[in-house]
Amino acid sequence: MFSIFMIPVTEFKHFTDQQPAFKVLKPWWDVLAEYITVAMLMIGVFGCTLQVTQDKIICLPNHVPRGASLADVTCEDFTKKKINVSEPVESSSSREMNGVKNRLDIQQYNYINQMCYETALHWYAKYFPYLVVIHTLIFMVCASFWFKFPGTSSKIEHFISILSKCFDSPWTTRAISEVGENQENGVPVKMNRRRKSSAPSETTELSPLGGSVSEKKVSESSSSVSLLDKKEGEQAKALFEKVKKFRLHVEKGDILYTMYIRQTVLKVCKFLIITVYNAVLVHNISFIVPCTVQMEDMTGYDHFCCNHTKAHLFSKLAICYICFLGIYGMTCLYTLYWLFHRPLKEYSFAYARKETGISDIPDVKNDFAFMLHLIDQYDSLYSKRFAVFLSEVSEFKLKQLNLNHEWTVDKLRQKLQKNVHNRLELHLFMLSGLPDTIFELTEVESLKLELLKDVTIPTSVTQLVNLQELSLINCPVKLSFTSLMFFREQLKVMFVKFDEIRDIPVWIYNLRGLEELYISGLFNQEIGRVGTLESLRDLKNLKVLTLHSNISKLPPSVADVATHLQKLRILNDGTKLVTLNNLKKLFSVQQVQLINCNLGRIPHAVFSLVNLQELDLKDNQLHSIEEIISFQHCRKLVCLKLWCNQISSIPDHIRKLKTLEQLDLSHNRIEVLPTQLFQCTRLRDLDLSHNNIRVIPPGMGVLQSLQCLSISHNSIEVLPNELFFCKKLKTLKVGYNKLHHLPNRVSSLPLLSRLELTGNQLEALPLEIGNCQALKRSGLMVESTLYDALPLEVREKLEEE
């Protein structure tokens, strides 16, 4: 027992000694309360030490004369008369003691002291020091409980960690110092919050710390590198992500605010209870304590007067304790006033926005706001520096610096390559933004942006004087006004691909200089599949329009470009295209492709296109093409593609299409070829592959313009001799049929440069094949065994350069 209460006060330090970083969440009243609890704890420990190191009580017998009651003779009277209890007073009324000595030995006195201490001394006087220690420890636990509770401690630790990193981040210093420099130089510090809902055509891109990005980005790129190295930039970028996630998590609830209120209310209630009962019981700490114990047979006395040796000191300690308790209670009451008087679940960065010039710092709420209010009580500089990492524009500026670090001009130049349009293209894929360094690549002709985030094209794009083509693949882009004007004059080709049509930036429809527009995206079923591309009418120079979507009718806005549109291409991915009436208005269109539109039949609207030259109806579930006779009104039609359908027969009136030069009926179910087909004497390219044709009818010899014939993947057993009258034939594809031999007359085709024979039942190749002057080994597709069986001189001819 003695060793327990000899523990020094420093051993209790862990009750109040949180991590040093936690001090930022302790306002002045919590710090004051902490010092008061330490003082109260010292009072309690000091009292406990006195309890175990000194005698607790000293008692002397109190002689009560016969016939007198204890109330008639008090301990105070006994003390005043200075009665010597060791030598009893002899009087006429004294009586003789039987079997008991007049003097008490030391053991009897010790026994009496212990008995009187346990029975006569008030419990408050006995346990006062222990109560002080227990009460103080409870106060300490209440004050630090929210730092230990699992539901709150994790949030606090995470917040403190992020706060310290944001405070010490080089990016914070750079951001605030840059604002200071701009203000000193008279530069207006103004920023607009980059809202996703704002219209892209009206977006003005500004720097996160003042001035226009378009005016500063290139000039600051070199200085930014020296001020913020790559590692520091990556660390700052990670901090922005942590702050975003932490804010999203903490703003959902108010457990920290609630817990702090509860522990404060608990401390106030405990303060009131302890103050009341201490004030009521403190007078029980008395210096003189009367004691009555039934032990006359043992000592000769029943009444004793005891001296509580520490009563005077304890009473003073109790008064000091109550005073400290009163001050502690005042701090708790002030805390409650602060909690309920101010809106602590909302925090405005108005002052920080004014000080830093970063105008898009958002206000916060719930637990996030409450912690920031506590931070302000410690030092408002923390919230000011922390605010930099809540700004979206500040984050954007940092991303730009990191991008410029990573994507240098030399690295971007290595990604340049020619695209399918033979333009020098730069393809950027899944970057966090648009590097400023690309605007130094003046040779770029095509810019392809795919899955980029938060892209705003500044006025620096005007340096790309050779830019003609722009591709946006799931990449929403915003423009400054100058950039929009530049694109209107410069861009000729535009590719846009988004998951939904409505995600396409509207500024695209203002590019009046566009000649080709390729749009890919689905119409949302909630807004209907008949949505319109309303602004196409402004594209006065548009010649090519490709729409890859799921439309059920041709958008009316397509008719707005009727006077100048030359090529219309619709890919519908199986969605049935029901209404095509607007197609009749495209009287200038020359090429129409309706692919996978589930038409079922050739739409009558195409027969009105008097300038139509090419029609492609691939994969449209066509079973019959009897309407083909109406194409005779399309006197300029030279190319007809009806491939990948379910056509089983070719009508005889196909002969009416005298202007046809290319006919594609591949991947159908055709079994019989009508001889009238060969009356289309202008045919240069005829594709009948992947059908069920068994016989080529006579009359093919009249196709004197035929240059390419493909009848592979059929069931043809014999090639007619008339085929070899087509002297202009350059490509002959007869693979995967049932041919047993190749006619010797193949040598009569002087221009034949490609011959496909693979997959037949040929036993040998004719030796005359070597006389085909234009045919080389690379153009001869045949099994190696058949080729190796040819004589050496024939093979040498075929292998000559």
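These notebook entries record what I looked up in a predicted model.

**Ground rules**

I number residues from 1 along each chain as its sequence is written, and I use heavy atoms for side-chain values, with hydrogens and water left out. Because the model is predicted, I require pLDDT of at least 70 for local features and 80 or more for side-chain atom pairs, while totals for chains, interfaces and linings use all residues.

**Entry 1: aromatic pairs**

I searched the whole structure for aromatic pairs and found 28. Rings of Phe, Tyr and Trp (its six-membered ring) pair if their centres lie within 6.5 Å; planes under 30 degrees apart count as stacked, over 60 as edge-to-face and the rest as tilted.

I looked at Tyr 257 and Phe 370, an edge-to-face pair with 5.4 Å centre to centre and 80° between the planes. This pair links distant parts of the chain, with Tyr 257 in helix α9 (residues 255–281) and Phe 370 in helix α13 (residues 366–378), 113 residues apart. Helices (H or I, at least four residues) and strands (E, at least two) are DSSP runs, numbered from the N terminus.

I then asked for burial, where buried means under 20% relative accessible area, exposed over 50%, and partly exposed in between (1.4 Å probe, protein chains only). Tyr 257 is buried at 12%, and Phe 370 is buried at 0%.

Next I took Tyr 347 and Phe 349, whose ring centres are 4.9 Å apart and whose planes stand at 70°, so this pair is edge-to-face. Tyr 347 and Phe 349 are both buried.

I also noted a cluster in which ring pairs link Trp 28, Trp 29, Tyr 334, Tyr 337 and Trp 338.

**Entry 2: nonpolar surface patch**

I recorded a nonpolar patch on the surface made of Trp 28, Leu 32, Phe 324, Ile 327, Tyr 334 and Tyr 337, with about 570 Å² of accessible area together. Patches are made of residues with over 30% relative accessible area and no salt bridge: like charges are joined within 9 Å, nonpolar side chains (Val, Leu, Ile, Met, Phe, Trp, Tyr) within 5 Å. Accessible areas come from the Shrake-Rupley method with a 1.4 Å probe, and for residues only the protein chains shown count as cover.

Two or more residues of this patch come from each of α1 (28–53) and α11 (311–341). Helix α11 gives the largest share, 4 residues. I checked Phe 324, which is placed in helix α11 and is partly exposed at 31% relative accessibility.

**Entry 3: salt bridges**

I counted 10 salt bridges, each being a side-chain nitrogen of Lys or Arg within 4 Å of a carboxyl oxygen of Asp or Glu.

Arg 413 and Glu 443 form one of them, at 3.0 Å from N to O. Glu 443 sits in the loop between β7 (424–429) and β8 (446–450), and Arg 413 in helix α16 (residues 409–413), 30 residues apart. Glu 443 is partly exposed at 26%, as is Arg 413 at 35%.

Arg 423 and Glu 469 form another, with the closest N and O atoms 2.7 Å apart. Here Arg 423 is in the loop between β6 (417–418) and β7, and Glu 469 in strand β10 (residues 469–473), 46 residues apart. Both Arg 423 and Glu 469 are buried.

For Glu 627 and Arg 601, I noted a closest N to O distance of 3.3 Å. Glu 627 lies in the loop between β17 (614–616) and β18 (639–641) and Arg 601 in the loop between β16 (591–595) and β17, so this bridge ties together parts 26 residues apart in sequence. Glu 627 is buried at 14%, whereas Arg 601 is partly exposed at 42%.

**Entry 4: a chain contact at Ile 285**

I located Ile 285 in the loop between α9 and β2 (288–292); Ile 285 is buried at 8% relative accessibility. Its C-alpha atom is separated by 5.6 Å from that of Ala 311, 26 residues apart along the chain.

**Entry 5: positive phi**

Most residues other than glycine have a negative phi. I therefore noted Asn 366, a non-glycine residue with a positive phi of about 55°, in helix α13 and buried at 16%. Asp 619 also has a positive phi, near 55°; Asp 619 lies in the loop between β17 and β18 and is partly exposed at 27%.
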